[in-house]
Amino acid sequence: MTTPLINVALAILHRENHFLMQLRDDIPSIVFPGQWGFFGGHIEPGESAEEGVFRELIEEIGYRPEKLTLFYEQTDERVRRYCFYGELLVPVETLQLNEGQDIGLCSVAELTAGKKRSEKLSEVRSLGKPHQQILLKFLESGLLQS
């Protein structure tokens, strides 16, 4: 029997060559516990990927970007990821972190290194591997400069 795919919508929000990331909770039952990743999550039944990413951003950080554009769709044996991108038009300090341990902007150097410091926890944590790979692909695309 084939397990149905889990559909998720993720947001690459960028500001001045930095990317908004969430330090996920240290809960062993979630994917990438204690690692940096994108904001976003499961797409609800009957919901489009675009509707899902906007809903998740409102739920997780109380923010609805003016515009998000589909950048990348990836399917593996378990998950179909819809990755949207858009500019973060508000200061990070105005966002309300409702899910996760920390929030912060990730530099290109941190992205390349695959780790970022959490100011709140005063420690360095890894970026989730798929999130890092998607961001590297985004950088290679040249869309950040447009």
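Biologist: Which order do the elements of the protein follow from the N terminus on?
Modeller: This is a predicted model, and in it the protein has three helices and nine strands. Read from the N terminus on, these elements run β-β-β-β-α-β-β-β-α-β-β-α.

Biologist: What is the radius of gyration of the protein, beside what the globule rule gives for 146 residues?
Modeller: Along the principal axes, the C-alpha atoms fill a box of roughly 45 × 35 × 30 Å. For 146 residues the globule rule gives 15 Å, and the value for this protein is close to that, so the protein is as compact as a globular protein of that length, with a radius of gyration of 14 Å.

Biologist: How much of the protein do buried residues make up?
Modeller: The accessible surface comes to about 7900 Å², and carbon and sulfur atoms account for 50% of that surface. A residue counts as buried when its relative accessible area is under 20%. By that cut-off, the buried share of the 146 residues is 45%.

Biologist: Among contacts between residues at least 6 apart in sequence, what share joins residues at least 24 apart?
Modeller: One example of a pair separated in sequence is isoleucine 6 and histidine 42, which are 36 residues apart along the chain while their C-alpha atoms lie 7.2 Å apart in space. For the protein, the share of such contacts that join residues at least 24 apart is 63%.

Biologist: Which residues is isoleucine 6 in contact with, leaving aside its neighbours within four places in sequence?
Modeller: Isoleucine 6 belongs to strand β1, which covers residues 6-15. Its relative accessibility is 34%, so isoleucine 6 counts as partly exposed. With the neighbours within four places set aside, its contacts are His42, Arg78, Val79 and Arg80.

Biologist: How many residues apart in sequence are the parts that aspartate 26 and arginine 125 tie together?
Modeller: The two residues form a salt bridge in which the closest N and O atoms are 3.1 Å apart. Aspartate 26 lies in the loop between β2 (18-23) and β3 (36-37), whereas arginine 125 lies in strand β9 (residues 123-126), so the parts tied together are separated in sequence by 99 residues.

Biologist: Is arginine 125 buried or exposed?
Modeller: Arginine 125 also meets glutamate 123 in a salt bridge, at 2.6 Å from N to O. Of its two partners described here, glutamate 123 has 33% relative accessibility and counts as partly exposed, and aspartate 26, at 45%, counts as partly exposed as well. Arginine 125 has a relative accessibility of 15%, so it counts as buried.

Biologist: In the salt bridge between aspartate 76 and arginine 81, how far apart are N and O?
Modeller: Aspartate 76 counts as partly exposed, at 27% relative accessibility, while arginine 81 is buried, with a relative accessible area of 10%. Their side chains meet with an N to O distance of 3.2 Å.

Biologist: How many disulfides does the structure hold?
Modeller: A disulfide requires a pair of cysteine sulfur atoms within 2.5 Å. For cysteine 83, the nearest cysteine sulfur is that of cysteine 106, 15 Å away, so by this cut-off cysteine 83 is in no disulfide. Both residues are buried, cysteine 83 with a relative accessible area of 0% and cysteine 106 likewise with 0%. The number of disulfides in the structure is zero.

How values were computed
Residues are numbered from 1 along each chain as its sequence is written. This is a predicted model: local features need pLDDT of at least 70, side-chain atom pairs count only at pLDDT 80 or more; totals for chains, interfaces and linings use all residues. Side-chain values use heavy atoms; hydrogens and water are left out. A salt bridge is a side-chain nitrogen of Lys or Arg within 4 Å of a carboxyl oxygen of Asp or Glu. Helices (H or I, at least four residues) and strands (E, at least two) are DSSP runs, numbered from the N terminus. Buried means under 20% relative accessible area, exposed over 50%, partly exposed in between (1.4 Å probe, protein chains only). Contact means heavy atoms within 4.5 Å. The radius of gyration is taken over C-alpha atoms; the globule rule is 2.2 Å times the number of residues to the power 0.38. Accessible areas come from the Shrake-Rupley method with a 1.4 Å probe; for residues, only the protein chains shown count as cover.
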